[in-house]
Amino acid sequence: MNYEETVNWMFNQLPMYQNQGKKAYKEDLTNILKLATYLNNPENKFKSIHVGGTNGKGSTSHMMASVLQEAGYKVGLYTSPHLKNFTERIRINGEEISKKEVVSFITKHKMFFEENQLSFFEMTVGMAFDYFVREKVDIAIIEVGLGGRLDSTNIITPEVSVITNIGLDHTQILGDTLEKIAKEKAGIIKTNIPLVIGEKQESIKNIFKKKAKELYSEITFASEENTEKYKTDLLGDYQKKNIKTAVVSLKKIKRFHVSEESFVKGFGNVVKNTNLKGRWQILKESPKVICDTAHNKEGLAYVMKQLKKESFRKLHIVLGVVSDKNLKEILSLFPEKAVYYFCKPKIERGMNVDDLFKEGKEYGLKGSKFTSVKEAYQKALQEVKENDLIYVGGSTFVVAEVI
């Protein structure tokens with residue numbers, strides 16, 4: 001198989017959450033543990049940082065990777081989902097895994113994958129861990145895919161466990177309250193391993209404190225620390241919280257030295273060092289086009305607040321979501337004084353545009369519906385006038401089709 005055939009084969013195995021949602025979620029770690037044993041337990045052969053949470057875990061992971069790179073370390077980075085290419089999920093010092101490596105790994109182990117009916121995500125985690133060992137990384141930043149307790153990445157014993165924050169997302173799987181979701185995400189806390197919580201949320205702080213106490217894990221709330229002196233090239237005011245989480249987490253790692261200069265350079269060169277995309281990314285200056293992958297209540301609240309700070313004559317919003325989102329929570333955040341271009345992202349989980357259009361009207365969001373993200377975006381570009389602003393968002397998958 002060539003690269004395209006290989007990736008298509010991976011996508012077409014058992015259902016993948018990215019495309020199909022709840023029915024793709026597995027209830028235990030049996031398969032990933034079986035795969036780890038088969039691969040000679042690569043998860044035990046490299047140092048790691050484990051990053052979970054509802055919002056900000058991707059940005060925080062990229063920030064830490066950038067700082068550690070500036071400190072001179074060889075840094076692996078595993079994140080999900082990808083925006084454009086599968087290879088974005090696995091990187092070393094910002095460089096994506098090669099297509100040749102992807103093909104080689106799948107070809108070599110394809111029979112095992114088929115016999116054991118491994119999922120897309122399990123295969124990808126195995127690929128990343130195996131690659132990091134073979135390439136002898138000094139440390140790898142591992143982002144949780146979904147939840148924590150039952151996530152395939154949760155077989156590592158990291159140098160520090162990080163949980164950015166808790167919000168109501170993936171409620172069909174993780175639970176319909178902050179408390180239930182917090183307990184799932186707390187599943188990445190390990191015995192005697194430092195724990196950093198990005199945001200101290202009063203209603204759930206004791207869940208983390210209790211779990212940390214049970215596991216003799218030192219707990220720190222990053223939101224209580226002062227990191228104002230650090231600036232990042234990642235745009236968006238919400239990145240200030242992620243900086244706090246990244247700084248506190250890196251300072252918990254005793255075996256790695258990071259100088260003040262490395263912190264400053266690392267935060268200032270995140271995009272250059274890691275090639276992160278889709279976080280308050282400016283796609284065009286004239287007319288100004290901004291996209292952001294925020295897709296739940298908490299993330300979108302920050303983004304809408306940021307939009308209010310922008311100067312424009314008229315606001316155009318290209319909007320699409322996935323079907324498991326609570327529309328009541330997110331649509332109420334969007335401004336009525338905007339022209340909307342409703343669309344459906346090109347995945348199975350994408351919400352039907354007719355449903356989104358209908359719900360949007362209930363919240364005073366007026367505009368037109370389009371058969372694709374591309375068509376909606378092109379129409380917005382045609383309609384926009386001088387000093388107008390286009391915002392593209394609602395889903396990672398909408399942003400992926402525009403970038």
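Predicted model: local features only at pLDDT ≥ 70, side-chain atom pairs only at ≥ 80, totals over all residues.
Which residues in H4 meet which in H11?

**Entry: H4 and H11**

I found Met63, Ser66, Val67 and Glu70 on the H4 side. Facing them in H11 are Ser262, Phe263, Lys265, Gly266 and Phe267. I sorted the residues of this contact into 4 nonpolar, 3 polar and 2 charged. Next I checked the geometry: the axes of H4 (residues 57-70) and H11 (residues 260-268) come within 7 Å and cross at roughly 130°. That angle makes H4 oblique to H11. I also noted the handedness, and the crossing of H4 and H11 is right-handed.

**Entry: the sheet of 8 strands**

I then turned to the sheet beside H4. I read the order of this open sheet of 8 strands as S4-S3-S2-S5-S1-S6-S7-S8, and its pairing is mixed. Strand S4 (95-96) and strand S8 (219-221) are at the edges; each has a single partner strand, so one side of each has no neighbour in the sheet. H4 packs on this sheet and touches S1, S2 (75-78), S3 (90-92) and S5 (139-143). I wrote down the direction of H4 against that of S5 as about 170°. Inside the sheet, I looked at S1 (residues 47-52) and S6 (residues 160-163), which run parallel and are joined by 4 bridges.

**Entry: H3 and H6**

How do H3 and H6 cross, right-handed or left-handed? I found a right-handed crossing. The axes of H3 (residues 30-38) and H6 (residues 120-134) come within 10 Å, and the crossing angle is roughly 30°. H3 brings Asn31, Ile32 and Leu35 to the contact, while H6 brings Glu122, Met123, Val125 and Gly126. I sorted these residues too: 4 nonpolar, 2 polar and 1 charged.

**Entry: the sheet of 6 strands**

My last stop was an open sheet of 6 strands, in the order S9-S10-S14-S11-S12-S13 and again with mixed pairing. Which strands stand at its edges? They are S9 (281-285) and S13 (367-369), and each has a single partner strand, so one side of each is left without a neighbour in the sheet. Neighbouring strands here are turned by 15° against each other on average, direction ignored. I followed S11 (residues 315-319) along S12 (residues 339-342): the two run parallel, with 4 bridges between them. Leu319 stands opposite Phe342 in S12. Helix H13 (residues 297-307) packs on this sheet, where it touches S11 and S14 (389-393). I noted about 175° between the directions of H13 and S14.

Notes:
Residues numbered from 1 in each chain as written. Heavy atoms only, no water. Pairing = 2+ DSSP bridges. Axes fitted to C-alpha atoms, helices over the stretch in contact; angles between N-to-C directions. Contact = heavy atoms within 4.5 Å. Left-handed = near helix turned anticlockwise from the far one by under 90°. Nonpolar A, V, L, I, M, F, W, Y, C, P; charged D, E, K, R; others polar. Parallel < 35°, antiparallel > 145°, perpendicular 65-115°, else oblique.
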